[in-house]
Amino acid sequence: MRNIVKEGDQFVMKEEGNRIAEISIVPSGSDQLIVDHTFVSEAHREEGNGEKLVERVVQFAREKNKKIVPLCSFTKSVMEQNEAYQDVLN
């Protein structure tokens, strides 16, 4: 079972207690979150885990009424390609 938990300025995906993926956010001003890093361990790539982390950050941004500035190229690509994320893309 994989779960995503917020740890400081990261959302971390864990499996059986082991960190397998992470996405970093940096608050910017009162209304923006900068996503500057996404990582998925080699053994867990091609499973959609990066996309799940982006989805969780989008959910968090909506909860906090913030926009996302995707400096991470992976996050930027995922957000630009997903119509459902345009409301929080900055």
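A residue is called buried when its relative accessible area is under 20%. The legends below describe close-up views of a predicted model.

**View 1. The aromatic pair of Phe11 and Phe60.** The structure holds one aromatic pair. The ring centres of Phe11 and Phe60 lie 5.3 Å apart and the ring planes stand at 70 degrees, so the pair is edge-to-face. Distant parts of the chain are linked by this pair, since Phe11 belongs to strand E2 (residues 10-15) and Phe60 to helix H1, 49 residues apart. Both Phe11 and Phe60 are buried.

**View 2. The packing of helix H1 against helix H2.** Two packed helices are described by the angle between their axes and the distance between the axes. Here, H1 (residues 49-64) and H2 (residues 73-81) pack at an angle of about 75 degrees, and their axes are 10 Å apart. The two helices, H1 and H2, are therefore roughly perpendicular to each other. On the H1 side the contact is made by Gly50, Glu51, Val54 and Val58, and on the H2 side by Phe74, Thr75, Val78 and Met79. Classified by residue type, this contact of H1 with H2 comprises five nonpolar, two polar and one charged residues.

View 3. Thr75, Val78 and Met79 are buried in H2. These residues span an arc of only 95 degrees around the axis, and therefore lie on the same side of H2. An α-helix has 3.6 residues a turn, so residues three or four places apart point the same way. Ser73 and Gln81, by contrast, are exposed on the other side of H2. The partners against which the buried residues of H2 pack are strand E3 (18-28), strand E4 (32-40), H1 and strand E5 (67-70).

View 4. Val54 is located in helix H1. With a relative accessible area of 1%, Val54 is buried. Leaving aside residues up to four places away in sequence, Val54 touches Ile23, Phe74, Thr75, Val78, Met79 and Tyr85. A distance of 8.6 Å separates the C-alpha atom of Val54 from that of Thr38, the two residues being 16 residues apart along the chain.

View 5. Asn49 has its place in helix H1. Its relative accessibility is 1%, so Asn49 counts as buried. Beyond residues up to four places away in sequence, Asn49 touches Arg2, Met13, Ile20, Val40 and His44.

Note on methods
Residues numbered from 1 in each chain as written. Predicted model: local features only at pLDDT ≥ 70, side-chain atom pairs only at ≥ 80, totals over all residues. Heavy atoms only, no water. Axes fitted to C-alpha atoms, helices over the stretch in contact; angles between N-to-C directions. Helix = DSSP H or I, 4+ residues; strand = E, 2+ residues; numbered from the N terminus. Parallel < 35°, antiparallel > 145°, perpendicular 65-115°, else oblique. Contact = heavy atoms within 4.5 Å. Nonpolar A, V, L, I, M, F, W, Y, C, P; charged D, E, K, R; others polar. Buried < 20%, exposed > 50% of the residue type's maximum accessible area, 1.4 Å probe, protein only. Arc of directions from axis to C-beta. Phe/Tyr/Trp six-rings, centres within 6.5 Å; stacked < 30°, edge-to-face > 60°.
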